[in-house]
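Student: Could you walk me through this protein model, one question at a time?
Tutor: Gladly, let's look together.

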Amino acid sequence: KSHIHNILIENNEATMSDIDHIEMGHVAENIPTTFSGDGIELPTPSEHSAKSERQYAANENGHVTPDTSDDDSSSNDKDYPLPVGDVTCCLRCEHISSPVDVLRLTWGWLRTNKTQCLSGITVALAQIPEAVSFSFVAGVDPIVGLQSAWIMGICTSLGGGRPGMVAGATGAVAVVLPNLIKTHGIGHMFYAIMLAGILQMLFGFLRLGVLIRMIPHPVMVGFCNGLGVVIGVAQFNIFKVRPEGAIEGQHRGLSEIGGAFTPFTNGYPWVDPVMGGWMAFQIFVTLATYILFPRLTKAIPGSLAGIIMSTIVEWAFIRQIGYKTDTVADLASVKGSFPAPVFLDTTYGYAAELPPLN
């Protein structure tokens, strides 16, 4: 810093205000530069001062930090004083003095949490077919997967999640359940899931997460690769016609050789070529929208735009010309009452299938 300071002063190539922007080799990016005779890139005297002093401000530690006084975020903070995710905006009496403040806080909440809302809508819509698909893989009624998905999502939201946490239907659990259900029945599955939850909570309370480091890396890679194969092949289930009352767990288990390729060996007939062609077209529309839509605008996530576009294509185009593809309602009923604890369930008869605790 001292060496550069002396060169600048001796060559009259910068004013003292320019020198102020040089801190331990950090030079403000908006200072135009030139090359001195020593081959060192130096700032030139220019009219950068007004802009640079407005955009950069040195803090008490001498580091150059951006000045966000012109950003929209600062004005948003003034309009909406609460953090992202706070749903009690209209209950904060200290911020409300008139009905106008209620509207202002509500609008501020919507604007501040726009990304959160769109993310929630996207996940909610994506969870429906995913939960149904994994229910088929696990060999349970789709209503079990649907009820489990939204209950787990709410519990995670209220309890507090973290990045990377799985809070919905997952293939990692679905692939290990078929053999359990096939051997012992669906009643044992509920106890197995409860036991798994208890063990997870104990691991958290006892801080035993460090034990995961003891698992060999090839085991993790092999499990993830195998899971990818199972999930990828399971997508072909939508191209099969399922007989009434068919349960996936009645067929070859995933632990058997070739068990992951059950969609090709379960004996179910394939959909007719015409419907298969339209289904492939829907897949293309969804993927194209997911890839291309963010180039137009990022106001809506590409995945949500893909779901919306494929739904519009199905009902406004394909069905209007006399064709159709299967929807979630065609694969499984999404109707259901508010769930009751499995021990008290009388709607689906699961309480009668629970084994005795002894």
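**The nonpolar core**

Student: Which residues have the most contacts inside the largest nonpolar core?
Tutor: A nonpolar core is a set of buried Ala, Val, Leu, Ile, Met, Phe, Trp, Tyr and Cys residues joined through side-chain atoms within 4.5 Å. Buried means under 20% relative accessible area, exposed over 50%, and partly exposed in between, with a 1.4 Å probe and protein chains only. The largest such core has 23 residues, and those with the most contacts inside it are Val140, Val144, Ile181, Ile186, Met189, Phe190 and Tyr350.

Student: Which helix gives the most to this core?
Tutor: Helices are DSSP runs (H or I, at least four residues), as strands are (E, at least two), numbered from the N terminus. At least two core residues come from each of α6 (114–138), α7, α9 (177–184) and α10 (186–205). The top contributor, with six residues, is α6.

Student: What should I know about the model itself?
Tutor: It is a predicted model, where local features need pLDDT of at least 70 and side-chain atom pairs count only at pLDDT 80 or more, while totals for chains, interfaces and linings use all residues. Residues are numbered from 1 along each chain as its sequence is written, and side-chain values use heavy atoms, with hydrogens and water left out.

Student: Which residues is Met189 in contact with, leaving aside its neighbours within four places in sequence?
Tutor: Contact means heavy atoms within 4.5 Å. Met189 is among the residues with the most contacts inside the largest core. Beyond its sequence neighbours, Met189 touches Val140, Val144, Leu177, Leu180 and Ile181.

Student: Is Gln147 buried or exposed?
Tutor: Gln147 sits in helix α7 (residues 142–159). Setting aside neighbours within four places, Gln147 contacts Ser337, Pro339 and Tyr348. Because its relative accessibility is 13%, Gln147 counts as buried.

Student: How far apart in space are Leu331 and Ile238, C-alpha to C-alpha?
Tutor: Leu331 belongs to helix α15 (residues 328–331), and its relative accessibility of 31% makes Leu331 partly exposed. In sequence, Leu331 and Ile238 are 93 residues apart. In space, their C-alpha separation is 8.2 Å.

**Cysteines and the whole chain**

Student: How many disulfides does the structure hold?
Tutor: A disulfide is a pair of cysteine sulfur atoms within 2.5 Å. Cys117 is partly exposed at 31% relative accessible area, while Cys155 is exposed at 51%. The number of disulfides is zero.

Student: What share of the residues counts as buried?
Tutor: The secondary structure comes to 15 helices and four strands. Of the 358 residues, the buried share is 27%.
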